[in-house]
Amino acid sequence: MDEEYDVIVLGTGLTECILSGLLSVEGKKVLHMDRNDYYGGDSASLNLTQLYRKFRPDQSPPSELGRDRDYAVDLIPKFIIASGELTRILVHTDVTRYLEFKQIAGSFVYREGRISKVPSTEMEAVRSPLMGLFEKRRAKKFFEFLQNWKDDDPTTHQGINLDKDTMKAVYDKFGLEPGTQDFIGHAMALYLDDDYITKPARPTYNRIVLYTSSMARYGKSPYIYPLYGLGELPQSFARLSAIYGGTYMLDKTIDEIVTDADGKFVGVTSGGETVKAKQVIGDPSYFGAGKISEGGKVRVIEEHKVIRAICFLKHPIPGTDDSDSCQIIIPQNQIGRRNDIYIAMVSSTHNVCAKDVYVAIVSTIVETDKPELEIAPGLKLLGPIHDKFVSITPLYTPTSSGQSDNIFITRSYDATSHFETVVEDVQDVWKRVVGSDLILKKREVEVSN
C-alpha cells in the first residue's frame, strides 16, 4: 500500500468501474477498492440465496423457484439503448469480448388505462392504438419532419429553428395532443419530467433520433441487455482496467479519506495503512452520504429517494404480446405524478432466472410518505405476483464538482430503466477529472435474437 497512484476509485458499481476502465486505457495508474467482497455494489446481480439474504435474512429461497445458480437478479434495473453512449463505451473499450447481449423484445408506454407499443416511425404511428385517426395524421407528419430534417437544408425545416424554438413550439406546430407529447417526451426522448418542453428543441430531436435509430438497428425494441445480468458489466470493466495495469482490492474497509491542510485529497486509509494518489473517485456511500466530514464539509446530500420492487412472475406481463422481456414507461401525467414509473422485465431467455419465471422490477422516485402506494399503478400491470422484494434507497448527489479538492463523487442510480442517465454521470465525472470531454468511436455491437 506504499505505492502512489494517479487515481483511487472507491466502489465497484457500474459508474465507478466504467471510469476506472476508461482511465486505465488512457494510461492512468488506477487503484480500485471496495468494502464488499464482490463486484457491482448497488448495481450487482444476485443469485437466489443472496437475494433472500439481503431482503429476508430469516427465510430460505422456496424450492419452487428452481436452482440457485439459475438466478442473477439485478438490484438496479437498466437496459442499454442500442445506439446510445454506453454502447459506444462498450465497443470503444472492446469490453464486448467479455459479454453476450440479447435484445429486449418490446418497448411500451401506458396511456389511458392500457399498455401500447411505442411507435417509433411514421408507419408505426399510423397503426398505433395510442391515437385517433386525426392525431395519427399529425403524428405521421411530425415523425416525417424528424426523419427528413437536414441541418444544411432549410427546405426541411418547415420554419422551425431547433436551437431557438422550444419543444412546445414544435409540438404546437404539428398540433400534437398532450397524450402524444407524453409518450414522445417520456417513452422515446426518455425525459424524467416535463421541464424539457420549455427548452430549445435540439436535445429532444437528438434523443428521438437516438431512439428511432436504436429501434431500427435490431427491430423489436431499441434496447439490449447482457446475458447473466447487469452484474456482468462492472466485472467486465474491472477486467479491462486490470488488463491495462489497474489494481483491484476487494473486501477493504475504507477508514478515512485523507486531506491536507488546504482540504485537498492526499490518500485513503485502510486497515491502518494509507495509500496516496492525486485524485479519488467514488460512490456517495464512501463520502459521508449527508454527514459532515472531518473537514467540516458536507460532500453529499440526499436529493430524492427511489423505490424499487423486484417481482417474480410466472407469466409475461399482460398486454405485452407475451414478450419475454420489455420496458414499460408510465408517464407521470397519466397518473397525476411528478415522476414517471418504470417497469423492466427480463426472463430465463437472458439467463437471469429459472425457466417459466419472469423478473419484473417497478421503480420510481418517491414523492409521498407512502411509497409503496406510489408504485401500485406499475404493480397492477404485472398481473399475479409470485413474490416481491421492495427497497427504498436514497438518491445521493455530490455538493461540489471536486475540482478544488480532487475528490470526485458519482451520483446514485435513479429510477429509470435505461442507462442514459448513468452515462451522463460518467461523462460529467470524466470531464471534471480529466478536464476534457469523453470522446468515443462508433462501432457495432453484436446481439443474438
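This is a predicted model: local features need pLDDT of at least 70, side-chain atom pairs count only at pLDDT 80 or more; totals for chains, interfaces and linings use all residues.
Visitor: Which residues of helix α3 are buried?

Guide: Buried here means under 20% relative accessible area. In α3, which spans residues 85-92, Leu86, Thr87, Ile89, Leu90 and Val91 are buried.

Visitor: What covers the buried residues of α3?

Guide: The cover includes helices α1 (14-25), α9 (232-243) and α12 (420-434). Strands β5 (80-81), β6 (101-103) and β9 (223-226) are also among the elements that cover them.

Visitor: Is glycine 159 buried or exposed, and what is its relative accessible area?

Guide: Glycine 159 has a relative accessible area of 76%, and the cut-off for exposed is over 50%, so glycine 159 is exposed. This glycine sits in the loop between α5 (133-148) and α6 (167-174).

Visitor: How many residues apart in sequence are glycine 159 and glutamine 327, and how many Å apart in space?

Guide: Glycine 159 and glutamine 327 are separated by 168 residues in sequence. From C-alpha to C-alpha, the two are 35 Å apart in space.

Visitor: What describes two packed helices?

Guide: Two values are used: the angle between the helix axes and the distance between those axes. Here, helix α7 (residues 178-188) packs with helix α8 (residues 202-218) at an angle of about 75°, and their axes are 9 Å apart. Angles of 65 to 115 degrees count as roughly perpendicular, and α7 and α8 are therefore roughly perpendicular to each other.

Visitor: Which residues make the contact?

Guide: From α7 come Ile184, Ala187 and Met188, and from α8 come Arg207, Ile208, Tyr211 and Thr212. By class, the residues of this contact of α7 with α8 are 5 nonpolar, 1 polar and 1 charged.

Visitor: How many helices and strands are in the protein chain?

Guide: The protein chain has 12 helices and 19 strands. Its radius of gyration is 22 Å, close to the 22 Å that the globule rule gives for 449 residues, so the chain is as compact as a globular protein of that length. Along the principal axes, the C-alpha atoms fill a box of roughly 70 × 60 × 45 Å.

Visitor: What percentage of the 449 residues is buried?

Guide: Buried residues account for 54% of the 449 residues in the protein chain. The accessible surface of the chain is about 19200 Å², and carbon and sulfur atoms contribute 47% of that surface.

Visitor: Among contacts between residues at least 6 apart in sequence, what percentage joins residues at least 24 apart?

Guide: For the protein chain, that share is 71%.

Technical notes:
Residues are numbered from 1 along each chain as its sequence is written. Side-chain values use heavy atoms; hydrogens and water are left out. Axes are lines fitted to C-alpha atoms, for helices over the stretch in contact, and angles run from 0 to 180 degrees between N-to-C directions. Helices (H or I, at least four residues) and strands (E, at least two) are DSSP runs, numbered from the N terminus. Angles under 35 degrees count as roughly parallel, over 145 as roughly antiparallel, 65 to 115 as roughly perpendicular and the rest as oblique. Contact means heavy atoms within 4.5 Å. Ala, Val, Leu, Ile, Met, Phe, Trp, Tyr, Cys and Pro count as nonpolar, Asp, Glu, Lys and Arg as charged, and the others, Gly among them, as polar. The radius of gyration is taken over C-alpha atoms; the globule rule is 2.2 Å times the number of residues to the power 0.38. Buried means under 20% relative accessible area, exposed over 50%, partly exposed in between (1.4 Å probe, protein chains only). Accessible areas come from the Shrake-Rupley method with a 1.4 Å probe; for residues, only the protein chains shown count as cover.
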